Amino acid sequence: MSDQQTAPPAAGQLTPSQTVGPFLAIGLPWPDGPQVAGPDAEGAITISGRVLDGTGEPVPDALVETWQAAPDGSFAHPDDPRGGEDPAFRGFGRCPTDAGGRYQISTVRPGALPGPDGRMAAPHIDVSVFARGLLDRVVTRIYFGDEAEANAADPVLSSISDEGRRRTLVATAEGDRPGRFRFDIRLQGSGETVFFDV
Amino acid sequence: MTTEMPAAAGPLALPFYPRPDGVHPPLDSPEYRSSLLRAPKWPPVLLPQGLTEITGPLLGAERVTAADADLTTRHAGEPLGERIIVTGRVLDSGGRPVPGTLIEIWQANASGRYAHPVDDHPAPLDPNFDGAGRCMTDSSGRYRFITIKPGAYPWKNHLNGWRPAHIHFSLFGRAFTQRLVTQMYFPGDPLFRQDPIFNSIPDPRARERLIARFDLEVTQPDWALGYQWDIVLRGSEATAFEREDEH
């Protein structure tokens, strides 16, 4: 019977995305998800903010995931041709939003690193946002507001000509609290965050 | 604090992951009402793939035990419902297996009720079923879960709306570009036709790829029905070196 054969899918037949739905909290949060690095690590920072919908209301059932380089700009991954190997640094964070749409990631500041064209990329963190209502993840980037010079030279950030749009990608340092940054994610509407096609 | 910018060292030879044009549902899918206030209105900005995108977290083994792949043995008693085995391979679009990657699943119980405070469907909770599972793919990219078949359930998207039975799947692959969250469905479900989430995928053939296949070979006599479902993540080409056209 043909429907019992195991045939591999033809090349290129990608599996489509579907929404995480409203119950992702059953399967995805990890107790240590928001702690990419401990508070005593050198260069420790905290990034917090809210995920907001098109009316500015908080999104209480989203998941924010982060992926970043180590403080020296390397990745503990075989496809980093510079041979970055610090398996002790997880680089990955994951935090569900609370009833107020808030998330928080504790990590260390990533280093600058070469971009795909060889120009230097400013320190950044890649972000995936999942939520009910999103049929696929949306991807954005966190840059750091106190890295003005590096940000100005960053090929991705500087390619976004509208200053207001560009600003949505920059986490603002909370003045009186060193190492604390604020990064809100507006899915839609006024001040909509820049999202990327990766 | 500012970071010193070292001198640029010339283009890097990195793998490149072609973009999956037309496969995924458009974010703006008004039939799915939850998307109305959450889908971005601006078109996404093309991001040249760099080191951050072609790498990704290679983790999971340290947070998964063998017991996590069996959702039927984690409580004092056995869950109610139809015991099933769900297995398959994780491949990339070049047909290469993706070994050692974390898969996380979550689902409703046999009555169509999630063990979640927000779920108000008047169907019984099952004290012997929490609906969460995890496993790592083996060296050939294969995964295997034992669970119970989830029930269909109503939702308020449209009048008399019901979700087809499904299991949520989350996958990492090996790169940020490969991250995927999706849903696996069951063959012959009469609810597909009216489901705006399933039908948000533009290509009907791509929709079909979310439907598992009943498999008598996987089925264990006198014990559990078997389903096969392969998952295909984006694959990479050898290098992006001097692929300026893609940037």
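Guide: Welcome! One definition before we start: two strands pair if DSSP finds at least two bridges between them. Keep in mind too that this is a predicted model.

Visitor: Thanks! So which strand of chain B pairs with E9(B) over six bridges?

Guide: That is strand E8 of chain B, residues 166-171, and the two run in the antiparallel sense. To find a spot on screen, look for B:Phe169, which stands opposite B:Thr182 in E9(B).

Visitor: What order do the strands have in that open sheet?

Guide: The order is E4-E3-E8-E9 in chain B, four strands with antiparallel pairing.

Visitor: And which ones are the edge strands?

Guide: Strand E4 (132-136) and strand E9 (180-185) of chain B, as each pairs on one side only. From one strand to the next, the twist averages 25°.

Visitor: Let's zoom out. How many helices and strands does chain B have?

Guide: Chain B has two helices and 12 strands. Along the sequence, the pattern reads β-α-β-β-β-β-β-β-β-β-α-β-β-β.

Visitor: What about the box that its C-alpha atoms fill?

Guide: Taken along the principal axes, the box for chain B is roughly 65 × 45 × 40 Å. Of the 247 residues in chain B, 45% are buried.

Visitor: How much of the contact in chain B joins residues at least 24 apart?

Guide: If you take contacts between residues at least 6 apart in sequence, 73% of them join residues at least 24 apart.

Visitor: Now chain A. How many of its residues are in contact with chain B?

Guide: There are 77 residues of chain A in contact with 86 residues of chain B. E7(A) gives the most to chain A's side, with five residues.

Visitor: How do the residues on that side divide into nonpolar, polar and charged?

Guide: On the side of chain A that touches chain B, 39 are nonpolar, 22 polar and 16 charged.

Visitor: Which strands of the two chains are joined by bridges?

Guide: E12(A) and strand E1 of chain B (residues 45-46) are joined by two bridges, and they run parallel. There, A:Asp197 has B:Leu46 as its bridge partner in E1(B).

Visitor: Last topic: which residues have the most contacts inside the largest nonpolar core?

Guide: Those are A:Val51, A:Val129 and A:Phe130, in a core of 109 residues.

Visitor: What is A:Val129 in contact with?

Guide: Leaving aside neighbours within four places in sequence, the contacts of A:Val129 include A:Val51, A:Ala62, A:Val64 and A:Ile185. A:Arg137 and A:Val138 are also in contact with A:Val129.

Conventions: Residues numbered from 1 in each chain as written. Chains lettered and ligands numbered in written order. Predicted model: local features only at pLDDT ≥ 70, side-chain atom pairs only at ≥ 80, totals over all residues. Buried ≥ 20, exposed ≤ 12 C-beta atoms within 10 Å, placed from the backbone. Contact = placed C-beta atoms within 7 Å. Core = buried A, V, L, I, M, F, W, Y, C linked by C-beta atoms within 7 Å. Nonpolar A, V, L, I, M, F, W, Y, C, P; charged D, E, K, R; others polar. Axes fitted to C-alpha atoms, helices over the stretch in contact; angles between N-to-C directions.
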